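This report describes the secondary structure, strand pairing and surface patches of a single protein chain. The sequence and the structure are shown below.

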Amino acid sequence: MARQYPWVLAAVPWSPDLEYTRGRLYGKPLLSHNTAPRHLLATRRQLRAIGKRPGGQDPVAFLYFRCRKAGKTVFANLYLIDQAKPVRPMTPGRRAALAKAMAARRTCRECRETGYAELPKAHRTCEACLYSAGLDTDSYLHEFLHGEPTLDAAEHAALSTHHHSIGWELAA
């Protein structure tokens, strides 16, 4: 069985010499894990980590690797570091807009309180409001939050004797 991306000796834009690549993808060199020269090429996130951005340049190559968690092959754009531009500075207006957007993600839509963690995207409601709005009586949190027992004393006693009788049947 042949490899999907075999080694190929080809011309690359970052070097005057021929270099080994894994073929071509969309007309650009394809590189595998740990084969790209780290001092010449970087992904968008790697550029951001060093305070740069692609600045309108097209990717010069693609990096591919296997994501174990997703179980699929992932492709990333590689850019030339020397052609990258510095990151634009954060202006006070952008900083305020970003802070407002992040606060909206942490604000409960029911009680309007802002917490420290981002609320679930589906409902943007804190747990207290979620449970007080319509918690099922079957939920284990109902008694804790509302102070109303879901079972009366006789039902609770019957439940505990039922559990004990199951244990005795298994032991016997």
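Is Arg48 buried or exposed? Arg48 is exposed, because its relative accessible area is 56%; exposed means over 50%, buried under 20% and partly exposed in between, with a 1.4 Å probe and protein chains only. The model is predicted, so that local features need pLDDT of at least 70 and side-chain atom pairs count only at pLDDT 80 or more, while totals for chains, interfaces and linings use all residues. Residues are numbered from 1 along each chain as its sequence is written, and side-chain values use heavy atoms, with hydrogens and water left out.

**Overall fold**

The chain has five helices and nine strands, taken as DSSP runs (H or I of at least four residues for helices, E of at least two for strands) and numbered from the N terminus. Along the sequence these elements follow the pattern β-β-β-β-β-α-β-β-β-β-α-α-α-α. Of the 172 residues, 25% count as buried.

**Strand pairing**

Strands of a sheet pair through backbone hydrogen bonds, either parallel or antiparallel. Here two strands count as paired if DSSP finds at least two bridges between them. Two of the pairings are listed below.

| Strands | Sense | Bridges | Residues standing opposite |
|---|---|---|---|
| E1 (residues 8-12) and E2 (residues 15-21) | antiparallel | five | Leu9 and Tyr20 |
| E5 (41-42) and E8 (residues 72-80) | antiparallel | two | Leu41 and Leu80 |

A hairpin of two residues connects E1 to E2. An open sheet is formed by five strands in the order E3-E4-E7-E8-E5, with mixed pairing. Strands E3 (24-25) and E5 (41-42) are at its edges with a single partner strand each, so one side of each has no neighbour in the sheet.

**Surface patches**

Patches are made of residues with over 30% relative accessible area and no salt bridge; like charges are joined within 9 Å and nonpolar side chains (Val, Leu, Ile, Met, Phe, Trp, Tyr) within 5 Å. A salt bridge is a side-chain nitrogen of Lys or Arg within 4 Å of a carboxyl oxygen of Asp or Glu. Accessible areas come from the Shrake-Rupley method with a 1.4 Å probe, and for residues only the protein chains shown count as cover.

Trp7, Leu9, Leu18 and Tyr20 form a nonpolar surface patch, together with about 470 Å² of accessible area. Trp7 lies in the segment before E1 and is partly exposed, at a relative accessible area of 44%.
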